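I opened my notebook beside this model and looked up a few things. Here are the entries, in the order I made them.

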Amino acid sequence: MRRTVPSSPPRPSPTGLVLLGLGVFLLVLAPLLAWYVEPRAKRTPVDIDSTSVLTGSGSYFDQNALRTRHGQKLTVTRRVLGDVAASERSGKAVWNVSQTIDNPRTVKLDDPRKSFQWTTERWVTDRATNLPVRCCGLKPDNIGGEAYLKFPFDVEERGYTWWDGTLGATVPLRYAGRARVDGYEGLRFTGRVPPTRAGSRQVPGVLVDRPDSGQVHAEEWYANTRLEFVVDQRTGRILHTVTAPRVTLRAPGSEKDAVTLLRSRKLEFTPATRSEAVELAADDSGRLEMLRVTAPRGASLAGGVAALAGALLTVRGRRVRVRDA
């Protein structure tokens, strides 16, 4: 009696299986890049070490000569250094900020303690939303607003609140259309600060028209007629800044400025600062766009092609083996 040996089942094409598996992997990877990886890549950096400089002409009070000097070059230098250890412990972005305002004499000294004005702050923000967080030595502790050293990611065409360190409060900014900085497009925001009492300082009474008084607590008033920022939409990085501050002293209870401590019609980023800001924004924006758009589209296209080719090879391989059998 003759026995019939069953033939082995047809095996799929190894190449087809590899392509099919690769295609499925890429099709799964595409939405992960756009919906999972990219949102987690939009985090404020913690290891920042940057210096920005604004220059312009204006007036300042010369304490040695006891008079206001006009038509002088003013320089604002802001240094931002990330506190990496504190950031890693807290999960927040912790930045130490030092800002100096220099006149032609003090700018040569290269020492913040000898500058015309020196202020320090410690910014603590949520790395995703850019909102201030009350922890880790935040200074001053009343910092608020949506923007200061940068704007949030994915900047919208709407108004924002800006923290003004000189004022010690937030300032509303309005959206003013799109603008180009060195050929790079950003969103433009503008605002102003009306004359506002920002504090007091003890000075000789003669400086504020009180010659019969010894030392008086003069009122310090601050105004800014031009706040302007051009911001990269994707990253929130500030590409260009223009500001026009005015700081004066008034006698207690007076409505008239007696001394101009600082005034400029226009302080703005230097070309070097502006160029660096544009370059960094373009690089960061490009990486985010790759994760959100370019890579997912490429993965979807390649995955679809690979999966289709793998499926065709697998089916074709089965048919050929069945036919041969």
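**Entry 1: strand S8.** I began with S8, which is mostly covered, as 13 of its 17 residues are buried. By "buried" I mean under 20% relative accessible area, with exposed over 50% and partly exposed in between (1.4 Å probe, protein chains only). Helices (H or I, at least four residues) and strands (E, at least two) are DSSP runs, numbered from the N terminus.

A note on the source: this is a predicted model, where local features need pLDDT of at least 70 and side-chain atom pairs count only at pLDDT 80 or more, while totals for chains, interfaces and linings use all residues. Residues are numbered from 1 along each chain as its sequence is written, and side-chain values use heavy atoms, with hydrogens and water left out.

**Entry 2: partners of S8.** Which strands pair with S8? I found S7 and S8 running antiparallel over 14 bridges, and S8 joined to strand S9 (residues 238–250), also antiparallel, by 11 bridges. Two strands pair here if DSSP finds at least two bridges between them.

**Entry 3: nonpolar cores.** I then looked at the largest nonpolar core, which has 50 residues. A nonpolar core is a set of buried Ala, Val, Leu, Ile, Met, Phe, Trp, Tyr and Cys residues joined through side-chain atoms within 4.5 Å. Phe151, Trp162, Phe189 and Phe229 have the most contacts inside the largest core. S8 gives this core its largest share, six residues. Another core of seven residues lies apart from it, with Ala179, Val230, Leu239 and Ala281 among its members.

**Entry 4: Leu239 and Glu276.** Leu239 came up again when I checked Glu276: the two are 37 residues apart in sequence and 8.6 Å apart in space, C-alpha to C-alpha. Glu276 sits in helix H3 (residues 271–324). Its relative accessible area is 41%, so I logged Glu276 as partly exposed.

**Entry 5: strand S3.** Is S3 enclosed or open? It is largely enclosed by the rest of the structure, because eight of its 10 residues are buried. S2 and S3 are antiparallel and joined by eight bridges, and Leu81 stands opposite Asn96 in S3. S3 also pairs with S4, antiparallel, over nine bridges. Trp95 has Trp123 in S4 as its bridge partner.

**Entry 6: the cavity.** How many cavities of 30 Å³ or more does the structure hold? I found one. On a 1 Å grid over the protein atoms alone, a cavity is a set of points where a 1.4 Å probe fits but cannot get out; a pocket is an open set with protein on both sides within 12 Å along at least five of seven lines; lining residues have an atom within 4 Å of a point. Grid points are joined across faces, edges and corners, and a volume is the space filled by probe spheres set on the points.

The largest cavity holds about 80 Å³ of space. Its lining includes the bridge partners Trp95 and Trp123, along with Ala93, Thr125, Asn130, Tyr148, Leu149 and Lys150. Strand S3 (93–102) and strand S4 (117–125) are the elements that give two or more residues to this lining. By type I logged five nonpolar, two polar and one charged. Ala, Val, Leu, Ile, Met, Phe, Trp, Tyr, Cys and Pro count as nonpolar, Asp, Glu, Lys and Arg as charged, and the others, Gly among them, as polar.

**Entry 7: the second largest pocket.** This pocket has about 260 Å³ of space. Of its 15 lining residues, Thr77, Thr100, Asp102, Asp110 and Pro112 are the closest to its centre. Strand S2 (67–82) and S3 each supply at least two lining residues. The lining divides into two nonpolar, eight polar and five charged residues.

Entry 8: Most residues other than glycine have a negative phi, and most peptide bonds are trans. So I checked for exceptions. The peptide bond from Lys139 to Pro140 is cis, with omega near -5°, and Pro140 is in the loop between S4 and strand S5 (160–164). That loop also holds Asp154, which has a positive phi of about 55° and is partly exposed at 27% relative accessible area. Asp209 has a positive phi near 60°. I placed Asp209 in the loop between strand S7 (184–204) and strand S8 (215–231), where it counts as exposed at 56% relative accessibility.
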